[in-house]
Amino acid sequence: MTFYRKFSFFIIVTVIFTVAVYPQSFQKNKEYNDKKYFVSQQQKALDILHYDLSIDLNVDKKVVNGVAILIAVKDQSNYFNSDSEIELNFYDNMKIHYVKINSKPAEYSRRKNRIFIKETEVSLDTLKIEIEYSGAPQRGGFDGFVFGWVKGNSLVYNISEPDLASTFFPCDEDPSDKALLDIKITNDSQFVSVSNGNLIETKNSGNKKTYHYKTVYPISPYLIAVYSAPYKNFTDSYVSLDEKDTMQIYYYVLPEHFDNAKIDFAGHLDYMKTLSELFGEYPFIKEKYGIAEFLWNYGAMENQTITGFGYNFVSGNNFFEDTYVHELAHHWWGNSVGPKTWNDIWLSEGFAAYSEALYAEAKNGKEALKSKMLSKFSSNFNGTLYAPKDLFSETIYDKGAWVLHMLRNEIGDTDFFEALKSYHNIYKYSNASIDDFKTICENISRKDLTKFFDQWIYNGKENIYFIYSFEAESNEGMEEVTLYIDQKTRDYPEFHFNLDVEIFYKDGTSETKSFFINKIKNKFNFTTGRKVEAILPDPESKLLAEFDSEY
Ligand SMILES: [Zn+2]
């Protein structure tokens with residue numbers, strides 16, 4: 001997800017007079033805490049294998065008529081016993097017409113946006129749960145499911161992250177319960193409906209048209225997308241790095257943006273190739289990549305294989321390259337390797353944010369990387385990256401990117417990129433925790449990264465801050481130099497880090513020396529034949545560090 005806090009505010013007050021609900025990230029924070037346990041233990045004991053969703057849109061009434069058929073298996077070792085109920089997330093406002101288990105009507109009850117279904121045949125391991133329902137999806141979070149309207153056109157879309165998929169279909173909101181998907185979207189025949197995976201069939205029936213999409217790869221419910229609008233589309237053809245697959249990239253836009261979108265989206269073949277070279281081949285190569293214009297006022301959302309991109313941002317000026325790269329990068333980080341729980345969101349947002357910098361580096365070199373990282377620097381990060389209170393704060397994105405940048409410096413480029421590829425390869429189409437990622441980095445670098453992960457991810461909440469000074473004494477034509485580095489921390493005991501220091505000499509030369517800081521007060525000595533003019537810590541800006549000199 002890309003979230004334009006300042007930019008969207010600018011748009012709201014200056015360009016369009018929509019209903020401004022600006023500080024959504026703050027509302028989000030509270031809402032997430034309230035719902036932290038939306039996934040119950042009972043749900044953990046059920047593994048959904050397949051969703052077959054028929055979503056009939058009534059855009060005039062803003063109503064969804066749906067049939068959801070879920071194939072699930074029970075985890076016998078876990079919680080199920082003879083009087084267990086099956087639990088699913090589904091918003092209470094949606095009217096249920098029937099529930100069937102293995103084709104037989106089943107009893108159910110509902111409370112707190114959940115359905116509790118009585119099992120009729122406990123002996124069966126595999127369950128077919130069928131639910132017919134209708135209603136107007138309740139809005140919430142960043143938007144939820146929206147029957148939107150723009151310049152006389154209907155545009156239906158959804159943004160479910162982190163747990164609003166159950167506003168429009170019954171599901172398991174656990175991001176680590178991935179399943180295969182068939183989704184059939186029906187709308188009036190003038191609309192083009194778009195979703196995840198491959199379009200395998202369209203059917204006309206009277207003045208209605210149904211689009212049937214099917215995935216080859218599993219998907220988390222929060223990434224399931226419904227878009228329906230009078231879209232026009234254009235495409236690019238991407239050839240995989242091994243030249244064995246040719247995959248389409250689809251761009252669905254409203255007719256008035258067709259020409260602008262061709263300019264704005266033109267870089268995608270290059271983003272796809274560059275990120276595939278960095279991380280391994282695009283993981284959804286047997287499906288597609290796509291962008292569909294939607295009406296979210298705040299940016300973009302990486303719905304699997306079909307990113308939603310805000311209507312207000314298609315300008316024809318190609319302002320949003322970082323966003324296109326970010327959403328595409330999520331297809332490795334977040335979509336292919338999903339977060340095990342929302343506590344692990346750094347693995348999605350921090351990685352996508354750092355991918356923006358990696359793309360800039362691949363195109364324009366080290367200085368571009370450095371300037372991208374400096375643009376993400378802040379003195380005001382708060383909270384930990386692990387289990388954050390706000391899933392979508394700048395801390396997760398920008399500090400998240402910085403922590404990957406520092407990890408890269410800690411273990412070196414070769415091991416870092418090998419670790420990224422290996423992590424993706426092992427956990428693709430599945431889910432991983434931050435600890436899983438740590439283990440891979442440790443195995444590849446043969447370094448114990450416990451301290452690094454503790455100070456930057458699990459417990460540390462602040463930047464490194466230190467005061468430095470130096471003394472030089474002449475002794476028989478040589479200079480005895482002493483360097484002092486004093487850490488000042490607020491609530492983290494002490495950081496351990498490698499610090500490069502550039503030494504500038506009076507003869508106009510300079511050199512960089514590296515020191516390992518592992519205490520609050522640090523003192524280093526070295527001898528040189530030249531007179532020292534000045535010193536500069538961290539000349540390449542490798543650290544999320546702030547420092548002052550004492551001389
Ligand atoms: Zn994102």
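## The hairpin of E24 and E25

Let's start at a turn in this predicted model. Strands E24 and E25 form a hairpin with two residues between them, and Glu 476 takes a positive phi near 50° there. The strands on either side are E24, covering residues 464–475, and E25, covering residues 478–487. They pair in the antiparallel sense, over 10 bridges. To find one of these pairings in the structure, look for Tyr 468, whose bridge partner in E25 is Ile 485.

## The sheet around the hairpin

E25 meets E28 in the antiparallel sense, with eight bridges between them, and Thr 482 stands opposite Asn 525 of E28. E24 and E30, by contrast, run parallel and are joined by five bridges. Here Ile 464 has Ala 545 in E30 as its bridge partner.

## Domains and their contact

Stepping back, the domain assignment divides the chain into domain 1 (42–229), domain 2 (337–451) and domain 3 (464–549). The centres of domain 2 and domain 3, taken over C-alpha atoms, are 27 Å apart.

How many residues of each domain take part in the contact between domain 2 and domain 3? Nine residues of domain 2 are in contact with seven of domain 3. On the side of domain 2 that touches domain 3, the elements giving two or more residues are helix H8 (366–375) and helix H9. H9 provides the largest share of that side, four residues. By class, the residues on this side of domain 2 are four nonpolar, two polar and three charged.

## Helix H9 and its neighbours

Two packed helices are described by the angle between their axes and the distance between the axes. For helix H7 (residues 346–364) and H9, the axes come within 7 Å and cross at roughly 70°, so these two helices are roughly perpendicular to each other. On the H7 side, the residues in this contact include Trp 346, Phe 351 and Tyr 354, and they meet H9 residues including Ile 396, Val 403 and Leu 404. The contact of H7 with H9 has 10 nonpolar, three polar and two charged residues.

H9 (residues 394–411) also meets helix H10 (residues 413–427), and here the axes come within 6 Å and cross at roughly 125°. These two helices are therefore oblique to each other. Leu 407, Arg 408 and Ile 411 of H9 make the contact with Asp 413, Asp 415 and Phe 416 of H10.

## Confidence in the model

The mean pLDDT of the chain is 92, and 91% of its residues reach 70 or more. Where does pLDDT stay under 50? This is the case over residues 8–34. For that stretch, the model has 28 contacts beyond four places in sequence.

Technical notes. Residues are numbered from 1 along each chain as its sequence is written. This is a predicted model: local features need pLDDT of at least 70, side-chain atom pairs count only at pLDDT 80 or more; totals for chains, interfaces and linings use all residues. Axes are lines fitted to C-alpha atoms, for helices over the stretch in contact, and angles run from 0 to 180 degrees between N-to-C directions. Angles under 35 degrees count as roughly parallel, over 145 as roughly antiparallel, 65 to 115 as roughly perpendicular and the rest as oblique. Two residues are in contact if their C-beta atoms, placed from the backbone, lie within 7 Å. Ala, Val, Leu, Ile, Met, Phe, Trp, Tyr, Cys and Pro count as nonpolar, Asp, Glu, Lys and Arg as charged, and the others, Gly among them, as polar. Domain bounds come from an automatic or database domain assignment. pLDDT is the predictor's confidence in each residue, from 0 to 100. Two strands pair if DSSP finds at least two bridges between them.
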